[in-house]
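Subject: Model handover and notes

Hello,

Here is the model for your files. Please open it alongside these notes.

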Amino acid sequence: MFLFPAEDEPLRQRLMRRFFRSSSARFWLLASCLPALTVLRLGVIWQPASSPADLPAPLEPLALAPEPQRLTRTLGADDSIYQSLKRQPLEESQIAELIRAITPVFNLRSDSRPLDRYTLTLDPEGVVQRFEYLSQREPERPLVVERQVGRLVGRRELLPLEKRTEAIEVRIIDNLSNALADAGEGAELTDRIADEIFGSAIDFTQDLRRGDRLGIVCEKYYQNGRFIRYGEVLLARYTGEKVSQLGVSFQNGAGPKHYYDAQGNSLNRRFINYPLPFRGITSRFNTSRFHPILKKSRPHLGTDYAAGHGTMVWATASGRVVHAGWSGGYGNMVEIDHGNGYRSRYGHLSRVSVRQGQRVDQKTPVGLVGATGLATGPHLHYELIKNGRHLNPERANRDLQGEPLQKTLLAQYAAHRDQLLGLLAGSTHLAVHAGPAAGAVE
Ligand SMILES: [Zn+2]
């Protein structure tokens, strides 16, 4: 919306601003210049108010009351808030003031993403009055910057969200993530199902069969009908040709919530299944193996995961780093003591990102995949040790289940489980793949 012919505006603005800010005797100056100014204003911008305010604004470029200008913008790929603001009709000092108000409440680098949207409100002088930023990272917490008593102040709002409990049922065609995506669900749900709930019970790279079914009862948060994020997954039920498993979230007495199977056995596990995203297993745990480089029989006391050079490797569980650096055939190696006699080792790393003595949590990055030491190509050599004895990392998890439910809670657990299963049974939408596979649905 242009209130003045575009080429006149900067000059006029500058004159006006300088005029009004220049003197401490602003009042007298104003008073003495008022007649001349009025003539100027009449000559330049006066438009008779011929239409009521609620009718569409006249098409003429000139209007009586200067109105704020609202600009809505979307961040492009490789865009930043700063770069996007630079393209708006803003003076550099205004951008700087805005950034100063944003930074205490919002991380410009990590909180913003491409396709985030913002609305910028400018007064007729081009001064920022308000800035509202909707981040996809935390959609329920928009960033709002407002001018208060002349100063821009930033804050995060908290939108009221509506929580709905939904039942979802999908049929597996090729993999879990496609089945959930076809049902309109996000990748986050796939991760929760595959890792958090069934990570110790189902190997989704090997146990899936076409036609298997997955039922989920989960909480979803909405704002004005728009999906914002997932809440708790209350229940997941996998019914398959090779493997079937139920997982129900339940609190075991005073402890934290965990997932339990139909009988109340814990699905929680001590170690994550895979300490990195990998392409395949190139060498399994084997106590008598022919070593490709040493050309002799030598046990392989861990699992080799093939992954690209530089892939991030995570700690399998919380613990303390007892070695971080070169170790002969392991190359760059990290060893973590997890307590209770358990240790894990991560070999052939191209880079080590922890130091000896450091405390780590489950999934803390410990280094990057490489081919240092005795390695034919980039991979992670991963070992799990209990009291000095090597365990098969692919199997160890299954033997390391958490505490079962307290006996006194079993009846309560069964009632909760059956109530959730009832929600699943009543689910009206069975999402299936479109295309040829749909014909196979019962
Ligand atoms: Zn190895």
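**Ground rules**

This is a predicted model: local features need pLDDT of at least 70, side-chain atom pairs count only at pLDDT 80 or more, and totals for chains, interfaces and linings use all residues. Residues are numbered from 1 along each chain as its sequence is written.

**Confidence**

pLDDT is the predictor's confidence in each residue, from 0 to 100. Its mean over the protein chain is 81, and 78% of the residues reach 70 or more. Two stretches call for caution. Over residues 1-11 pLDDT stays under 50, and the model has 11 contacts there beyond four places in sequence. Over residues 18-58 it also stays under 50, with 12 such contacts. A contact here means two C-beta atoms, placed from the backbone, within 7 Å.

Helices (H or I, at least four residues) and strands (E, at least two) are DSSP runs, numbered from the N terminus. Two strands pair if DSSP finds at least two bridges between them.

F131 stands opposite V145 in β4.

**Helix α4**

Burial is counted by C-beta atoms placed from the backbone: 20 or more others within 10 Å is buried, 12 or fewer is exposed, and in between is partly exposed.

Which residues of α4 are buried? They are L98, A101 and I102, in a helix that spans residues 92-102. These residues lie on the same side of α4, because they cover an arc of only 100° around the axis. That arc is taken from the directions from the helix axis to the C-beta atoms. The buried residues pack against α3 (81-86), β3 (128-134), β4 (143-148) and β5 (151-156). The face turned away from the buried side carries exposed E92 and S93.

I95 is also in α4. I95 counts as partly exposed because it has 16 C-beta neighbours inside 10 Å. Not counting residues up to four places away in sequence, I95 touches L85, K86 and L90.

**Two nonpolar cores**

A nonpolar core is a set of buried Ala, Val, Leu, Ile, Met, Phe, Trp, Tyr and Cys residues joined through C-beta atoms within 7 Å. The largest has 32 residues, of which I193, F198, I216 and A236 touch the most other members. At least two residues each come from β6 (162-171), α5 (176-182), α6 (187-197), β7 (213-223), β8 (226-239), β9 (244-251) and β10 (257-260). β8 gives the largest share, five residues. A236 touches I193, I197, F198, L214, I216 and G247, leaving aside residues up to four places away in sequence. A second, separate core has 29 residues, including A307, A317, A324 and V360.

**Strand β16 and its partners**

β16 (residues 319-326) runs antiparallel to β17 (residues 332-339), joined by six bridges. A324 stands opposite V334 in β17. The two strands form a hairpin with five residues between them, and G328 in the turn has a positive phi of about 50°. β16 is also antiparallel to β19 (residues 359-360), through two bridges. There R320 stands opposite R359.

**Two positive phi values**

Most residues other than glycine have a negative phi. D78 has a positive phi of about 60°. D78 sits in the loop between β1 (69-74) and α3. D78 counts as exposed because it has 7 C-beta neighbours inside 10 Å. H348 has a positive phi of about 65°. H348 lies in strand β18 (residues 342-352). H348 counts as buried because it has 26 C-beta neighbours inside 10 Å.

Best wishes
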